[in-house]
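Please find below a note for a reader who is new to protein structures. The points are numbered and may be checked one by one against the model.

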Amino acid sequence: QCVAVCPTGALTEVDHTNAVIRALADPTKTVVVQTAPAVRAALGEEFGMEPGTLVTGKLAAALRRLGFNYVFDTDFAADLTIMEEGTELLDRLTRHLNGDKDVPLPILTSCCPGWVSFFEHQFPEMRDIPSTARSPQQMFGAIAKTYFADKINVKREDLVVVSIMPCLAKKFECQRDEFATNGNPDVDFSISTRELAHLIKQSNIEFNALPDEDFDNPLGESTGAAVIFGTTGGVIEAAVRTAYEVHTGKKLEKVDFEELRGMEYIREATIDFNGLPIRIGIAHGLGNARKLLQDIKDGKSEFHAIEIMACPGGCIGGGGQPLHHGDSSIIKARQKALYQEDTNKTIRKSHENPYIIQLYEEFLGKPLSEKSHHLLHTHYFDKSKEIKVVE
Ligand code: SF4
């Protein structure tokens with residue numbers, strides 16, 4: 001029997017809201033929540049606000065009113081992703097420049113589970129090319145259930161991790177076997193932006209009247225680089241900010257890479273790493289990703305790194321966001337909001353996040369260390385024979 005599966009997970013959508021409510025009501029559980037960057041740029045639309053209204057502070061306040069014990073930010077883990085993925089990029093590049101022709105380039109980003117599912121089904125022979133870095137959602141879960149659980153002296157099985165995501169594919173990402181320890185998942189439940197809005201309304205919380213509040217620490221601090229993960233081009237821009245400074249040893253005079261921004265479905269740019277030209281590709285939408293992958297397969301690709309996101313616009317246009325009915329002005333307004341939040345941040349490069357520095361000092365050692373590999377990296381499978389994916 002041939003089963004068609006939507007690569008972004010829409011056909012496997014399961015609402016975990018009731019499970020989250022049960023966890024919040026269970027006095028034996030400590031419940032932590034993480035919220036993805038794109039959520040803050042769209043949630044306000046569910047409460048009558050203009051597209052592009054940033055509601056970061058109200059979002060943190062609402063999650064606290066709902067009863068979460070710790071209100072954290074997936075952006076923290078986006079900074080962590082950059083530390084691992086950026087180091088992997090530089091490692092592969094250095095080996096390539098030193099003449100190792102076996103090193104797989106370009107490196108492809110791996111934070112979008114819709115995209116991961118796509119290449120596992122459609123291009124499994126190329127599964128050593130994407131970065132092995134887990135998505136920010138899963139990095140967060142792994143760190144919450146080890147480092148943070150130890151800090152607050154709570155057993156792994158008594159800690160429940162909930163994610164608020166713009167995405168339906170994140171739901172099935174949580175259920176992948178490789179993201180669990182002895183059957184206990186790193187992220188227990190994922191609910192979408194729309195499902196969160198429903199929960200807030202159901203709980204009679206006056207969202208529009210809430211004060212702006214901050215996230216908790218240590219897993220709530222983030223940089224401008226992490227915020228732009230929510231838009232097409234943002235992950236690779238964040239990686240470039242860190243990889244440039246680590247590779248050249250120089251401070252960037254300007255952290256905005258306008259040449260990586262925009263909404264064209266396939267974009268390319270060359271960034272000068274102090275005399276070393278780094279060629280970057282960007283695609284959003286799986287049909288566009290297919291074109292870049294085919295070029296790699298045919299030996300025609302000249303990129304060093306490629307960012308791919310399954311949804312048009314990236315996560316701001318994700319399937320769990322408030323419905324936009326294909327209105328590109330709404331996507332653009334959300335994108336503008338994320339760039340604004342980036343500009344407003346005091347720290348805008350992932351490697352300067354003080355809590356990330358502390359995490360490496362206290363726990364992980366350094367990027368790509370043995371512990372980092374164990375907790376923050378993954379591997380991919382050939383799923384071409386299991387089921388047929390439709391685009
Ligand atoms: Fe999910 Fe973002 Fe990928 Fe869309 S682009 S499938 S919202 S991770």
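1. Is Leu368 buried, exposed or partly exposed? Leu368 has 17 C-beta neighbours inside 10 Å and therefore counts as partly exposed, since that class lies between the limits of 12 or fewer for exposed and 20 or more for buried. The residue sits in the loop between α12 (354–364) and α13 (370–376). Its phi is positive, about 65°, although Leu368 is not a glycine.

2. His325 is exposed because 5 other C-beta atoms lie within 10 Å of its own. As background, most residues other than glycine have a negative phi, and most peptide bonds are trans.

3. Two cis peptide bonds should be noted as well. One runs from Leu105 to Pro106, with omega near 0°; Pro106 is in the loop between α3 (74–97) and β4. Another joins Asn217 and Pro218, with an omega of about 15°. Pro218 is placed in the loop between α7 and α8 (224–227).

4. The average pLDDT of the chain is 94, and 95% of the residues score at least 70. Over residues 1–11, however, the pLDDT is below 50, although this stretch has 29 contacts in the model beyond near neighbours in sequence. Where pLDDT is low, the predicted coordinates should not be read in detail. The model's scores are ipTM 0.99 and pTM 0.95.

5. Which residues come nearest to the ligand? Among the 14 residues around the ligand, these are Cys112, Gly114, Cys167, Cys311 and Gly318. By residue type, the shell divides into 9 nonpolar, 4 polar and 1 charged. Helices α4 (113–122) and α6 (169–174) each supply at least two residues of this shell.

6. The buried residues in α4 include Trp115, Phe118, Phe119 and His121. Gly114, which is one of the residues that come nearest to the ligand, is likewise buried.

7. Strand β2 (residues 30–35) runs parallel to β3, and 4 bridges join the two. Across this pairing, Val32 stands opposite Tyr70 in β3. Together with helix α2 (residues 56–65), β2 and β3 make a right-handed β-α-β unit. In a regular strand the side chains alternate between the two faces of the sheet. In β3 (residues 70–73), Tyr70 and Phe72 are on one side and Val71 and Asp73 on the other; these residues are all buried, and both faces of the strand are covered.

8. A further sheet is open and has 4 strands in the order β4-β11-β10-β9, with mixed pairing. Its edge strands, β4 (107–108) and β9 (266–273), each pair on one side only. β9 pairs with β10 (residues 276–284) in the antiparallel sense, over 8 bridges. Within this pairing, Arg267 has Ile282 of β10 as its bridge partner.

9. Finally, Arg194 lies in helix α7 (residues 193–202). It counts as partly exposed because it has 19 C-beta neighbours inside 10 Å. Apart from neighbours within four places in sequence, Arg194 is in contact with Glu46, Gly320 and Pro322. The C-alpha atoms of Arg194 and Met165 are separated by 9.3 Å, and these residues are 29 residues apart along the chain.

Methods:
Residues numbered from 1 in each chain as written. Predicted model: local features only at pLDDT ≥ 70, side-chain atom pairs only at ≥ 80, totals over all residues. pLDDT = per-residue confidence, 0-100. Contact = placed C-beta atoms within 7 Å. Near = placed C-beta within 6 Å. Nonpolar A, V, L, I, M, F, W, Y, C, P; charged D, E, K, R; others polar. Pairing = 2+ DSSP bridges. Right-handed = clockwise from strand over helix to strand, strands pointing away.
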